[in-house]
Amino acid sequence: MSILSKFSIPNRSKITRNQWVLIVGSSLSLTLWTCSVLSRGKSNRKSKNLDDQPLFLEKDGQLSRPKTENLSKTMAELKVILKMIAGGKEYAYGFGVIVILIVKTINDLWLMSNGTQIEAAIITANLSKLKSNLSAFFLAMPTLAVTNNLFKYFLNQLRLNLRHKLSIILYDKYIDGLTYYRINVFDDQCRNLDQLLTSDVEKFCNTLVDVYSNIAKPLLDIFTLVYRLSVSYTGFKTPGAMITYLLVSGTILTSVRRPLTRLTIKETQLEGQLRYVHSRLIANCEEVAFYQGNNRERLTLMSALNRLKNHLHNVAIFKFNIDFLDNLIARYFAVVVGYLSLAIPFFSNSMPGTTQDRLEAYYKSGRMMVRLAESIGRLVLAGRDLSRLAAYTQRVTQLMRSIEANRRSLSTSKRCNSMFTAGAGVIQLCDITKPQIVFDKVPLCTPGGDVLCKSLSFTIKQGQNVIVTGPNGCGKSSLFRIIGELWPLCGGKLIKPPNNRLFYIPQKPYLALGTLRDQIIYPDTVADMKRKGVSDSDLITLLAKVELTYLLERDYNMDSIHDWAEVFSGGEKQRIAIARCLYNRPLFAILDECTSAVSVDVEQRVYQYLTVETGCTLLSVTHRVKQLQQFHQFALKFDGCGNCSFEEIEEDSVLV
């Protein structure tokens, strides 16, 4: 305080022109910052009004204000993730970063000392000393360059390895069993999974490494410089004052930055919504083109874009306000504290020696004090990266929780009606030598709790082909989802073959990425095909059964790679799916309008082959009931009012 008392504001009459310029500039800056703080409140209200008109219905209040967790909980979640992704290679790169940081710190200290010697040589016109120090600098340049590049290389490799390992862990769990299906169909907590699994994982790993490097280097510098200053003329009081300032300023700025986590979470959500709107347009571009709905889709895209833009505008204003405080407190005030701390020995008359000795002592410690102030400023500013890391940690943790919840049960949805509970039924595998499908008092319920049929009881034995009829929405496809265990069983007992002995052919078959061979053998790989003893000539035989051998005359072969969803017509896609069924040789095949785009004569020949030569039992849904009735022995009829009947088809009867 005795030192501070020596500083006083100059009299008004003695204020110089430069001081007036500084006073006016500071006043204008404070006015601008105050206006920015006030304008952010107006921008928040404006964006809130826009959020009141969502693009699509978000469940469970996802459009509401994102919730942020406390720091201790976030750090606990981060610790769990680190235990999963940090291994020997990651620790090695992390240790390498620390080693390089130590080398960089030594280099920085040497550069400060050598720079001081060069300046002293210039001031004293000592040519030999100048040559010596410049020569040392030239000799050190390769080491300095390699050190900096190694630092960047280790950081990039650490980012890459963390992202690769976390992605593998998430993908293995996400693609495990039917988890990917359940989380997309049942889980309302996870939206825009493509962004969560790619962009958010990348940002999490990048931010994690940034926090590691942005904290490790300043901390190392602080410890080193505090020690060097403590043994110099300043003693521990000078660096002690800087450390105290670090604790005070860090506490203040951490509290002020707290909303940044929530803003980052909302930013990722809005980016995901914009990506979702684009993906919908890409997936449905033909339908939109037929409707000529380009203007309507433009409105939807612009709405999503404007919502994101308005939020990013609010984030920019918030960051402007916070950066003003960051620069003021963590950077410039830190320098002022550093200068005042450095001045303590000089103004307390505790500095011995001549003016030249005092000047030399100041030059030795002054640069270290300035570097200490800069390190403290960087450490305080690292709180911004911590806020961003907290946001991405919450996003990744929520994704991991959802994946784990959907791996453990058929449905994470707790919704059920008053009569039935999801997962209350019993599923039993049948004897593979006597395959059959048995429904015993099984209710047909959607995951949302809608009851399509109160009770289903029937038995389908091998060789008893069944045609399923009923109006749209009565439960035909829902029945197949329960057989395939995609939907939970809400009651009763279901006896069925294992899923690998069932095969489902939808109206719009899925075509995989890869060769023509991959389309036929899906979901097998080429290695699986060879293990089964199947050759390409066998696949050509299957193509002949579904009358697709002409594909090989179009300059295609089994190794051709195309976007097959664009190459094949609707009928060709359905016949490829039937060939796929023939390759997999299931005990039961579920045909859900799988020949709707095929001509009647081809459809008749395909069904003739399926029923007579393959020995596969068919469960068929079709609008061509009269044409395909002859290939089935039983009919499962839904009336659309919650009732169902299972009866044998008489030879002279006609199904409607």
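**Close-up views of salt bridges and a nonpolar patch**

**View 1. Arg163 and Glu202 pair across two helices.** Arg163 counts as partly exposed, because its relative accessibility is 32%, and the class covers values between buried (under 20% relative accessible area) and exposed (over 50%), taken with a 1.4 Å probe on protein chains only. The model is predicted: local features need pLDDT of at least 70, side-chain atom pairs count only at pLDDT 80 or more, and totals for chains, interfaces and linings use all residues. Residues are numbered from 1 along each chain as its sequence is written, and side-chain values use heavy atoms, without hydrogens or water. Arg163 forms a salt bridge with Glu202 (a side-chain nitrogen of Lys or Arg within 4 Å of a carboxyl oxygen of Asp or Glu). Their closest N and O atoms are 3.9 Å apart. Helices here are DSSP runs (H or I, at least four residues), numbered from the N terminus. Glu202 is also partly exposed, at 31% relative accessible area. The whole structure holds 19 salt bridges.

**View 2. Asp536 meets Arg517 in a salt bridge.** The N to O distance is 2.9 Å. Asp536 is partly exposed, at 28% relative accessibility. Arg517 is buried, its relative accessible area being 8%.

**View 3. Asp559 also reaches Arg517.** The side chains of Asp559 and Arg517 form a salt bridge, 2.8 Å from N to O. Asp559 lies in the loop between α15 and α16 (564-567), and Arg517 in helix α13, 42 residues apart in a link between distant parts of the chain. Shared partners join Arg517, Asp536 and Asp559 into one salt-bridge network.

**View 4. Three isoleucines make a nonpolar surface patch.** Ile98, Ile102 and Ile106 contribute about 240 Å². Patch residues have over 30% relative accessible area and no salt bridge; nonpolar side chains (Val, Leu, Ile, Met, Phe, Trp, Tyr) are joined within 5 Å, like charges within 9 Å. Areas come from the Shrake-Rupley method with a 1.4 Å probe; for residues, only the protein chains shown count as cover. Ile106 lies in helix α3 (residues 88-123). Ile106 counts as exposed, at 51% relative accessibility.
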